[in-house]
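The following exercises are to be worked through with the sequence and the model at hand. Each task is followed by a solution in steps.

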Amino acid sequence: MSEHAPTSDQNPLSLFEFWPDSIFYTPIVLYWIVMGLKYRDFSIPTAANPRIETGGLCGESKSSILDMAGPVAEQAIAPYSVFRSGPGAFQRALEAMERRGLSFPVVVKPDIGCNGTGVKLVQDRAHLEEILPQFPDDVALLVQKLIEYPVEAGVFYIRHPDEKCGRITSITYKEAPVLLGDGASTIKELVMRDPRMGQVPQIYLPRLAGKENIVLAAGEQMPLVFAGNHCKGSIFRDGRADATPELVKRLDAIMKDVPDFHFGRVDMKVSSIDALKRGEDFQIIEINGVGSEATHIWDRRTTLWEAYRAQFSHYRQTFLIGAANRARGWKPSGAFTMLWAWRKQRRLLASYPLND
């Protein structure tokens with residue numbers, strides 16, 4: 001995706017890309033409060049996807065969403081299985097892999113989580129045995145087939161309950177930053193010298209602990225991030241122009257096969273951008289609900305006004321869809337349940353290891 005490379009007069013970071021959450025999300029929280037007062041229920045959005053815990057706002061199980069897939073959707077989802085961490089987890093993981101016919105390398109990640117926290121690329125049995133003790137005991141972990149397609153995309157899908165067809169409101173391409181060795185510089189020096197990474201080294205260097213002084217050979221490449229998450233260091237590109245009728249039709253057929261799913265982001269690996277535009281050759285790795293973002297806002301070319309406009313527009317849809325589902329008999333989770341789920345997720349995130 002070199003066509004998105006920054007020009008010499010373009011800052012490699014947008015103005016707000018790495019603002020603290022307490023600053024960037026304050027207007028969004030205020031908007032949520034205003035909408036909650038309007039609808040007399042702050043938890044109305046949790047009814048947007050009524051079969052998912054909190055609608056997928058927080059604390060939901062990733063596998064429980066994927067488990068709802070019917071035969072059409074299931075064919076598009078990368079195979080996965082779930083096991084528990086703690087004593088005996090290594091054997092349980094191998095048995096979970098065997099049940100689904102999975103072979104190394106695989107991806108292991110928490111079943112409840114967000115922002116890529118705890119996501120691990122596991123190369124072999126020895127590596128699996130090494131990483132499992134890093135997770136807290138007795139939490140659900142998901143092991144999933146590694147999809148080695150070169151393009152990772154987040155596609156945002158919305159369908160109101162009274163609509164026959166949904167629509168795509170955002171496409172984001174996710175790129176892992178790559179260091180290129182020169183045979184003389186250390187990994188830390190290469191990070192600090194990079195126009196983008198050098199501005200936010202605190203995102204990359206902790207993950208490189210113990211490797212900072214390694215010198216990469218001339219021409220040697222080293223990807224720095226595996227998990228496709230912006231806050232963990234991936235680079236996001238706005239791909240909304242690629243929302244073709246063919247892709248909309250294909251994604252609509254898949255998401256309508258997930259019962260009562262109306263709002264969220266579908267993360268997938270794709271063989272090429274052209275294939276995505278044809279609605280072909282992709283595998284879904286996650287389906288995220290109300291808590292997911294239209295992540296094209298993290299493209300460095302996006303202005304702050306454009307980002308907030310997209311955020312307000314999407315959250316408005318959660319209230320509209322949630323209200324429509326409430327009128328059909330579905331019940332929102334309630335504010336206290338939302339708070340409980342958020343606190344549970346926060347505790348779990350703090351206990352997970354660094355992602356790859």
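**Exercise 1: Helix α12**

Helix α12 (residues 335-351) comprises 17 residues, and its first and last C-alpha atoms are 25 Å apart, close to the 24 Å expected at 1.5 Å a residue. The model is predicted: local features need pLDDT of at least 70 and side-chain atom pairs pLDDT 80 or more, while totals for chains, interfaces and linings use all residues. Residues are numbered from 1 along each chain as its sequence is written, and side-chain values use heavy atoms, leaving out hydrogens and water.

Task: Determine which residues of α12 are buried and which are exposed on the face turned away from them.

Solution. 
1. Helices (H or I, at least four residues) and strands (E, at least two) are DSSP runs, numbered from the N terminus. The expected span of a helix is 1.5 Å times one less than its number of residues.
2. Buried means under 20% relative accessible area, exposed over 50%, and partly exposed in between (1.4 Å probe, protein chains only).
3. In α12, the buried residues are Met338, Ala341, Lys344, Gln345 and Leu348. They fall within an arc of 130° seen down the axis, so they line one face of the helix. The arc is that of the directions from the helix axis to the C-beta atoms.
4. The face turned away from the buried side carries the exposed residues Phe336, Arg343, Arg346, Arg347 and Ala350.
5. The general rule is that an α-helix has 3.6 residues a turn, so residues three or four places apart point the same way.

**Exercise 2: Helix α2**

Solution. 
1. The buried residues of α2 are Ile28, Tyr31, Trp32, Met35, Gly36 and Tyr39.

**Exercise 3: Salt bridges**

Task: Find how far apart in sequence the parts tied together by Lys174 and Asp267 are.

Solution. 
1. A salt bridge is a side-chain nitrogen of Lys or Arg within 4 Å of a carboxyl oxygen of Asp or Glu. A search of the whole structure finds 17 salt bridges.
2. Lys174 pairs with Asp267 in a salt bridge, with the closest N and O atoms 3.2 Å apart. Because Lys174 lies in strand β6 (residues 167-175) and Asp267 in strand β10 (residues 263-270), the pair ties together parts that are 93 residues apart in sequence.
3. Lys174 is buried at 8% relative accessibility, and Asp267 is buried at 6%.
4. Another salt bridge joins Asp299 and Arg301 (2.7 Å, N to O). Asp299 is buried at 2% relative accessibility, whereas Arg301 is partly exposed at 43%.

**Exercise 4: Cysteines**

Task: State how many disulfides the structure holds and examine Cys58.

Solution. 
1. A disulfide is a pair of cysteine sulfur atoms within 2.5 Å.
2. The closest cysteine sulfur to that of Cys58 belongs to Cys114 and is 8.8 Å away, too far for a bond.
3. The structure holds zero disulfides.
4. Cys58 is buried at 4% relative accessibility, whereas Cys165 is exposed at 53%.
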